[in-house]
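Subject: Model handover

Dear colleague,

Please find the model below, with the sequence. My notes on it follow.

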There are 2 protein chains.
Amino acid sequence: MARLVMKFGGTSVATIDRIRTVARHVKREVAAGYEVAVVVSAMSGKTNELVGWVREAATLHDAREYDAVVASGEQVTSGLLAITLQNMGISARSWLGWQIPIATDDAHGSARILSIDGTALTDRMAQSEVAVIAGFQGIHLPSGRLTTLGRGGSDTSAVAIAAAIGAERCDIYTDVDGVYTTDPRVVPRARRLDKIAFEEMLEMASLGAKVLQVRSVELAMVHQVRTFVRSSFEDPDAPHMGAAEAAGTLICDEEEIVANQMESQVVTGIAFARDEAQVSIRRVADKPGIAAAVFGPLADAHINVDMIVQNVSADGFTDITFTVPTADFERAKDALAKARGAIGYETLEGEADVVKVSVIGIGMRSHAGVAAEAFKALAAKGINIRAITTSEIKISILIDAAYTELAVRTLHSLYGLDS
Amino acid sequence: MARLVMKFGGTSVATIDRIRTVARHVKREVAAGYEVAVVVSAMSGKTNELVGWVREAATLHDAREYDAVVASGEQVTSGLLAITLQNMGISARSWLGWQIPIATDDAHGSARILSIDGTALTDRMAQSEVAVIAGFQGIHLPSGRLTTLGRGGSDTSAVAIAAAIGAERCDIYTDVDGVYTTDPRVVPRARRLDKIAFEEMLEMASLGAKVLQVRSVELAMVHQVRTFVRSSFEDPDAPHMGAAEAAGTLICDEEEIVANQMESQVVTGIAFARDEAQVSIRRVADKPGIAAAVFGPLADAHINVDMIVQNVSADGFTDITFTVPTADFERAKDALAKARGAIGYETLEGEADVVKVSVIGIGMRSHAGVAAEAFKALAAKGINIRAITTSEIKISILIDAAYTELAVRTLHSLYGLDS
């Protein structure tokens, strides 16, 4: 019997009425013949309530105790959904992270999953019992303490469990009905993708399309878990539809996409990230160790650096440009000003009002000239490019924030993504 | 180093501010040199919220899932108190029932504690780490499922842990400052008892003095856990006071009481229970098996029978009188009416408007005439006695409810309990 993982977030389980709707979704899949594991988040607002109490108790708190408090939210939902399913005549039981167990490291508050023993789960699922799993949580086995995976960790729980039990698919029910070629609020003609490759989704997710946590996509890619993003507003009592029929986006291996279409699309989507700020240091001596001298102090200050551009040097000096989250902009400049003696640059410049636009597509690998087309189209609209970085499957361009919509729409049309 | 268990109920931990007050109580005991374990209930109102959701999800629900949901309340409080203690510079960690573990049977919703392994607790307490224990919960080890001990189970948790770790004392912080000779609302001259024997407290608790759960007193008696009922409104920053100095009532072994006073009091307290109803069946054939014929149908209907009075027979027939909770009165009469053929009685009578007044005292065992004095005093006030039962340390009298206050005050004075 094929196994299926279904994941529902906090708004989908915010009230008992909504939990009943979730149960009807589950019932439909059980009726279709699946052995089902459901992963649930805490009821909407509950995690904030718990975190609020922890912060009220102490600004600086033991992350182990934070986890013990916060993990209770998902515990409640898993029990309530199990009861609701049973009440609908469906055999079900709740599983807490430590009961499975989902073993994690001891990075409390943002633990990483080390291993999941799926034996107990699959034994019970084979007896037609739906496994209702508390998302977001695990256990650090050596200490026996509860851990949490960090915000949005329930997506990661769902994908990891799908991998552990060899599920045919992991369905993520969200408040959007899939992944779009770009943000429909910016480009009304954006269209939903039926399929997207893991690598592309990773770029889309990390570049600002906030459908799935980056970590869960990484995990899905590594373990080849077919992950289907679909709407929690679907009619739960409608006839059963799989990933091929239902509205949604299947995140899957490149080969599954190529196998289904004569010619693959070169570009899959256009992503953009507004909360980046640009920092440039001019006339740095181009010598070994200089990158370490620049980025070491930023790492020490726990500032995440994103785009990094360093051109070949002229006369032994070079310029380095990179982006940081807008929230860390001032701290980044401070850190570099303090390290000026060690780095030895001439000027430090920055610009908070920038946006990074990215063109993403696995098809780029086999198509030349994709980047050149983009630069030409943007130039034709009078959009100045501040910096460029590229990888095999994406081109990222830093521009002034004022041009965001124009740039995204231009590129969306250029690559034939308009519906 | 002497170990101490402290227990705080839901109102004492209802807000972070109150949890801070609890932490100051703990700090005082740590400063006095104790190795401390604190047992906490869920924040006031939280258990009701959780139970409400369970009931909304399904009227009939899996008790295992009920336990998984409801046990989360104490989990939250234990984490929050641990954080608060740490923030005050006191080493502390939270312990969930399954982490200790507190092993119970699988009677979910009202599980009984089978054993507690105190090793991990005492190891950590010996390193000056306060153990903050989620009350009310345990684990059924064979299945690995969470269990709860039933309402008020945190008292039981506290006493059981005190027994397991060999604590010098178990301090129960409540909204009253101890156990009184009777209900002060009925007898303003009632006074707080400094000490009461386990057996007496058991009678007081089960007869309506709602300070401590009966189960926790039973456990304290079996394991000889000195249990001190004291007020949670004590000033937490006042100088340290033990059971001898602080306002409160120590529940302890009879010998500890006798050792401290030249002559023991004959009567310790007067308890009364208003929610009882009287049922009498007249002219039952006095033959073997008749009691089973009467009480079998009541047991089948899950009706708890309290006082049972059966007199010696005259002419081969007898009358049987007993009491049931008022809420079960009509059901009890129905059950007996249906069983009339099997029992073979002449008439079935009942009276809901009765009260059971009990005189309790270990001293009765060595003093004759205690009961006779009571009957005489009540008769002098014109109070009619409906039924009487006695045990070694108590006399229970069933009277019309209208005479409750008069009877209690009369007996309270009679035995020299007025302050």
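How much area is buried between chain A and chain B, and what share of it do carbon and sulfur atoms give? The area is about 3200 Å², and carbon and sulfur atoms give 60% of it; buried area here is the accessible area (1.4 Å probe) that two parts lose on being put together, summed over both.

Some conventions before the rest. This is a predicted model, in which local features need pLDDT of at least 70 and side-chain atom pairs count only at pLDDT 80 or more, while totals for chains, interfaces and linings use all residues. Residues are numbered from 1 along each chain as its sequence is written, chains are lettered from A and ligands numbered from 1 in the order in which they are written, and side-chain values use heavy atoms, with hydrogens and water left out.

Interface of chain A and chain B

In this interface, 38 residues of chain A are in contact with 38 residues of chain B, contact meaning heavy atoms within 4.5 Å. On the chain A side, Trp53(A), Glu65(A) and Ile83(A) lose the most area to chain B, and together they make up 18% of what that side buries. The rule finds two salt bridges across the interface of chain A and chain B; a salt bridge is a side-chain nitrogen of Lys or Arg within 4 Å of a carboxyl oxygen of Asp or Glu. Lys46(A) forms a salt bridge with Glu49(B), with 3.4 Å between the closest N and O atoms.

Helix H4 (residues 72-87) of chain A packs with helix H4 (residues 72-87) of chain B at an angle of about 180°, and their axes are 9 Å apart. Helices (H or I, at least four residues) and strands (E, at least two) are DSSP runs, numbered from the N terminus. Axes are lines fitted to C-alpha atoms, for helices over the stretch in contact, and angles run from 0 to 180 degrees between N-to-C directions. H4(A) and H4(B) are therefore roughly antiparallel to each other (angles under 35 degrees count as roughly parallel, over 145 as roughly antiparallel, 65 to 115 as roughly perpendicular and the rest as oblique). Ser72(A), Gln75(A) and Val76(A) in H4(A) meet Ser72(B), Gln75(B) and Val76(B) in H4(B). By class, this contact of H4(A) with H4(B) has two nonpolar, four polar and no charged residues (Ala, Val, Leu, Ile, Met, Phe, Trp, Tyr, Cys and Pro count as nonpolar, Asp, Glu, Lys and Arg as charged, and the others, Gly among them, as polar).

Domains of chain A

Chain A is assigned domain 1 (3-258) and domain 2 (269-414), the bounds coming from an automatic or database domain assignment. The C-alpha centres of these two domains of chain A lie 34 Å apart. Between them, 15 residues of domain 1 of chain A are in contact with 19 residues of domain 2 of chain A. The two domains of chain A bury about 1400 Å² between them, with 66% of it on carbon and sulfur atoms. Two salt bridges are found across this interface of domain 1 and domain 2 of chain A. The side chains of Lys394(A) and Glu203(A) also meet in a salt bridge (3.3 Å, N to O).

Within chain A

Helix H6 (residues 153-164) and helix H8 (residues 214-223) of chain A pack at an angle of about 10°, their axes 8 Å apart. That makes H6(A) roughly parallel to H8(A). The contact of H6(A) with H8(A) has five nonpolar, three polar and two charged residues.

Asp171(A) forms a salt bridge with Arg230(A), the closest N and O atoms lying 2.8 Å apart. Asp171(A) is in strand E9 (residues 169-174) and Arg230(A) in strand E11 (residues 227-231) of chain A, so the pair ties together parts 59 residues apart in sequence.

Backbone

The peptide bond from Ile100(A) to Pro101(A) is cis, with omega near -10°. In chain B, the bond from Ile100(B) to Pro101(B) is cis, with omega near -15°. Phe136(A), although not a glycine, has a positive phi of about 80°.

Regards
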